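The following exercises are to be worked through with the sequence and the coordinates at hand. Each task is followed by a solution in steps.

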Amino acid sequence: MKSSLIASCGMNCGICRGYLREKKKCPGCRESNENKSFSCVSCKIKNCSELNKNNLKFCFKCYKFPCKIIKQMDKRYRTKYNMSTIENLENIKKFGVRMFIKNEKIRWVCSKCGGIICVHIGYCSNCGKK
Ligand SMILES: [Zn+2]
């Protein structure tokens with residue numbers, strides 16, 4: 001897990017199924033569009049004019065935060081995957097991205113094998129532990 005894997009919206013690409021899969025591995029939101037899903041290429045946050053125009057690294061730096069788009073995403077992730085991207089952003093804002101990654105490692109590393117638990121599938125991408 002590294003800071004370049006934390007997307008502007010607070011999503012940690014390191015725990016995404018697109019990043020964790022072996023075939024056609026996604027390089028992460030901040031990297032090139034190669035192997036990215038359509039939903040990531042066309043993402044409203046990634047393509048947000050405020051973010052890009054002002055060269056903001058994270059959404060919390062935006063005067064519109066939390067905007068409608070990020071609220072929608074946060075709701076989807078809270079409901080479907082039990083994770084809040086707004087909470088992630090607030091933690092990055094308060095404690096910095098390094099501390100955030102440190103805590104992400106505690107949260108998502110498998111206690112059995114040290115692999116990464118995928119937020120989308122809900123179990124370890126390496127050994128399958130739930
Ligand atoms: Zn495991």
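**Exercise 1.** Determine whether Cys-110 and Cys-127 are buried, partly exposed or exposed.

*Solution.* Cys-110 has a relative accessible area of 4% and is therefore buried; buried means under 20%, exposed over 50%, and partly exposed in between, with a 1.4 Å probe and protein chains only. Cys-127, at 34%, is partly exposed. The model is a predicted one, in which local features need pLDDT of at least 70, side-chain atom pairs count only at pLDDT 80 or more, and totals for chains, interfaces and linings use all residues. Residues are numbered from 1 along each chain as its sequence is written, and side-chain values use heavy atoms, with hydrogens and water left out.

**Exercise 2.** Identify the donors of the zinc ion and state which geometry they form.

*Solution.* Step 1: the SG atoms of Cys-110, Cys-113, Cys-124 and Cys-127 coordinate the zinc ion at 2.3 to 2.4 Å. Donors are N, O and S atoms within 2.8 Å of the metal (3.2 Å for Na, K and Ca); water is not among the atoms, so sites may look incomplete.

Step 2: the angles subtended by the four donor atoms are 102 to 113 degrees, so the arrangement is tetrahedral (for four donors, all angles between 85 and 135 degrees). The ideal value for four tetrahedral donors is 109.5 degrees.

Step 3: along the chain, the donors of the zinc ion are spaced as C-x2-C-x10-C-x2-C. Cys-110 and Cys-127 both lie in the segment after helix H6 (97-108), so the pair ties together parts that are 17 residues apart in sequence. Helices are DSSP runs (H or I, at least four residues), numbered from the N terminus.

**Exercise 3.** Describe how helix H4 packs against helix H5.

*Solution.* Step 1: H4 (residues 68-81) and H5 (residues 85-95) pack at an angle of about 115 degrees, with their axes 7 Å apart. Axes are lines fitted to C-alpha atoms, for helices over the stretch in contact, and angles run from 0 to 180 degrees between N-to-C directions. H4 is therefore roughly perpendicular to H5 (65 to 115 degrees).

Step 2: Ile-70, Lys-71, Met-73 and Asp-74 in H4 meet Thr-85, Ile-86, Glu-87 and Leu-89 in H5.

Step 3: Asp-74 is buried, with a relative accessible area of 5%. Leaving aside neighbours within four places in sequence, Asp-74 is in contact (heavy atoms within 4.5 Å) with Met-83, Ser-84, Thr-85, Ile-86 and Glu-87.

Definitions and conventions:
Four donors count as tetrahedral if all angles lie between 85 and 135 degrees; four count as square planar and six as octahedral if opposite donors are over 155 degrees apart and all others between 65 and 115; anything else is irregular. Helices (H or I, at least four residues) and strands (E, at least two) are DSSP runs, numbered from the N terminus. Angles under 35 degrees count as roughly parallel, over 145 as roughly antiparallel, 65 to 115 as roughly perpendicular and the rest as oblique.
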